[in-house]
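User: I'm new to this one and would like to know where the descriptions come from. Can you take me through it?

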Amino acid sequence: MRLLALALHRLAWFVPTLLGLLVLTFVISRVIPADPVALVAGETATPAQVEALRRQLGYDRPLPVQFVDYLARLARGDMGTSIFTRRPIVQDLAHRLPATIELTVVAMVVSVLAGVPLGVVSALWRNSPLDHAVRVVTVSGLAIASFWLGIMLQLLFAMRLGWTPLNGRLQGFPPEAITGFYLVDAALTGDGPAFGAALRHLALPAATLAFPALATLVRFTRAGVLDVMQSNFVLYERAMGLPRPVIVWKYTLRSALTSTVTQIGLLFGILLAGAVVTEAVFDWPGIGTYAVSSILQSDYNAVMGFTIWAGTIFIVVNLLVDVVQTLVDPRERAT
Amino acid sequence: MRPSKGTSTSAAWFVVRRLAHDRSALVGLILIGALLLAALLAPVLATHPDDVFELHPALRLQAPSGNHWLGTDRMGADVYSRLLFGARITILIGVIAVGASLLIGVPVGLVAGHFHGWFSDLLMRVSDIFLAVPQVVLAIAIAQTLGPSLPNVILALSATYWPWFARVVYAETRVLQKEIFVESTVALGASPWRLTALHVLPNIASPIIVRASIGMGFTILTAAALGFLGLGPPPPTPEWGRTIAESREFLPDAWWYATAPGLAIFLTVMGFNLLGDGLRDVLDPRLRRGRTARDD
């Protein structure tokens with residue numbers, strides 16, 4: 001019962017946060033600009049068109065009324081129409097979401113599979129040449145501009161060596177759409193060549209996206225393992241004469257990795273933010289590329305739609321992580 | 001606990017000495033020093049100082065040579081010279097954006113930490129909402145609303161980075177309030193102003209400085225991303241992110257054009273990150289234990 005109460009408590013935090021995000025986007029799109037309608041109408045609109053649009057959108061009414069209307073529209077799933085694609089922005093974003101999720105999840109898997117073992121190894125063999133090498137990787141991962149890393153990878157692997165495609169998600173027809181994730185769809189329909197092609201297209205963007213997340217994860221895992229290795233209970237186990245492998249594998253890692261796993265929310269934030277620029281570099285047809293091309297075309301409503309979507313996804317993931325963390329980690333329940 | 005006026009200079013000296021012994025912090029200091037030097041002496045160090053605004057179509061896309069150390073760009077301008085002037089923009093963005101974030105975030109954190117009540121809660125909830133969305137996403141929205149220009153990039157970055165300072169200051173202030181010396185200062189009748197200025201602020205300076213150093217690196221990376229997306233200062237400003245975006249259509253032949261500014265961003269951000277790590281080790285003994293017995 002206590003657990004349920006805690007989960008509900010976290011859930012109660014979700015609504016005000018989401019509302020806060022919407023207030024924030026409302027302020028950015030309606031209050032800050034000198035003439036919000038001119039932004040929405042685009043650069044080519046005539047003054048008469050702008051005035052007509054102002055009345056049509058209700059931007060001539062007081063701000064509180066506009067805000068309520070704004071919330072009501074969003075609740076109906078109405079984010080306006082893109083000036084460029086001429087389609088509802090919600091449709092555009094929904095159509096592109098699977099590509100972003102597929103890229104983000106693959107990058108997450110790569111960074112966890114590589115980052116956690118690297119962090120553990122460099123903590124266990126602290127100050128060894130291996131540890132120093134890992135540190136160089138993590139310091140680089142946090143300092144590199146991901147769009148530049150992507151371009152350098154393209155230059156080397158796609159343009160010079162020709163090992164991977166330059167950009168895009170797939171050439172030719174995608175596998176039969178079941179989930180919208182090409183890897184999953186290709187696997188389900190047993191389409192081997194499509195699976196391989198999708199994987200080759202994923203390699204560079206996923207590596208680009210995974211690198212900073214991997215660096216963060218290595219740092220965190222390493223610090224966590226070192227912390228546990230110096231805790232009193234490990235000292236006690238040593239004093240009791242337990243062999244090192246037992247201390248490491250049975251006690252240290254279990255304790256240290258519980259807290260690492262809970263960092264996935266943080267990791268997801270890094271990946272989602274990175275996806276915007278990474279997708280732009282690789283022409284990956286996800287919501288990040290959509291946001292960037294909307295910026296370039298001054299498609300204002302589309303940019304704001306992207307902000308709301310990205311913010312909402314991020315808040316929802318953090319909520320889920322919080323709830324799972326409460327359920328998994330006994331220490332969380334104490335507070 | 002609180003250093004008196006006489007010891008504060010020796011405390012600063014202590015920090016500098018310790019930093020000089022920390023190998024990664026030293027590398028960070030050297031990198032930042034090089035960046036500052038490049039920015040200050042850009043007109044002197046540049047081999048073609050007029051190339052920021054001049055066009056030489058005949059010289060476009062030349063490979064690195066004795067005359068053009070890092071080659072030339074699509075306008076025939078010297079990449080190396082433009083890089084040096086770009087350092088000025090990078091420092092300008094970083095310093096003003098982090099400075100403004102400090103000016104907003106620290107007072108917000110102090111007020112929210114000092115007082116207990118709905119107003120404190122409101123302040124922290126507002127900063128939580130900012131932290132609930134990736135910075136680059138919010139910065140894109142703001143920069144797009146305001147239009148691409150240097151002041152607007154700085155504004156977008158400041159408006160999205162201050163909550164980090166508010167968070168740190170709030171947490172540290174709340175911890176300090178449980179300290180006996182703060183309690184006794186209050187009991188002696190010190191005003192909130194006096195308590196904050198003389199007792200709280202000096203004791204939370206360390207985490208603020210560490211956050212500021214890491215924030216410089218983070219802000220410069222985000223600014224470069226905004227520039228790359230076309231939301232930065234417009235051409236012909238030699239902003240590094242925009243330069244990389246411009247260089248893309250000339251790959252793979254003009255490899256130097258894309259490589260040089262990316263390396264500059266990398267080394268700059270690494271400098272601030274390494275300095276931040278070093279400062280954390282030196283200034284914050286509690287965290288030093290966590291990172292354990294001298295990592296170098």
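**Reading the model**

Analyst: Helix α7 (residues 146–160) of chain A packs against helix α9 (residues 192–229) of chain A at an angle of about 145°, and their axes are 9 Å apart. This is a predicted model, where local features need pLDDT of at least 70, side-chain atom pairs count only at pLDDT 80 or more, and totals for chains, interfaces and linings use all residues. Residues are numbered from 1 along each chain as its sequence is written, while chains are lettered from A and ligands numbered from 1 in the order in which they are written.

User: What makes residues 146–160 of chain A a helix?

Analyst: Helices are DSSP runs (H or I, at least four residues), numbered from the N terminus. Residues 146–160 of chain A form such a run, so they are called helix α7.

User: How do you know which residues of α7(A) and α9(A) meet?

Analyst: Two residues are in contact if their C-beta atoms, placed from the backbone, lie within 7 Å. By that rule, A:Leu149, A:Leu153 and A:Phe157 are among those in α7(A) that meet residues of α9(A), including A:Leu204, A:Pro205 and A:Phe211.

User: And what makes residues in the contact of α7(A) with α9(A) nonpolar, polar or charged?

Analyst: Ala, Val, Leu, Ile, Met, Phe, Trp, Tyr, Cys and Pro count as nonpolar, Asp, Glu, Lys and Arg as charged, and the others, Gly among them, as polar. The contact of α7(A) with α9(A) therefore has 10 nonpolar, four polar and no charged residues.

User: How many residues of chain B are in contact with chain A, and which helix of chain B gives the most?

Analyst: There are 38 residues of chain B in contact with 45 residues of chain A. On the chain B side, α11(B) gives the most, with nine residues. By class, that side has 25 nonpolar, nine polar and four charged residues.

User: Where are the domains of chain A?

Analyst: The domain assignment gives domain 1 (9–75) and domain 2 (89–330). Their centres, taken over C-alpha atoms, are separated by 33 Å. In contact are 12 residues of domain 1 and 13 residues of domain 2.

User: Where in chain B is confidence lowest, and where highest?

Analyst: pLDDT is the predictor's confidence in each residue, from 0 to 100. In chain B, α12(B) is lowest at a mean of 49, and helix α4 (residues 79–114) is highest at 94. The mean pLDDT of chain B is 85.

Methods:
Axes are lines fitted to C-alpha atoms, for helices over the stretch in contact, and angles run from 0 to 180 degrees between N-to-C directions. Helices (H or I, at least four residues) and strands (E, at least two) are DSSP runs, numbered from the N terminus. Domain bounds come from an automatic or database domain assignment.
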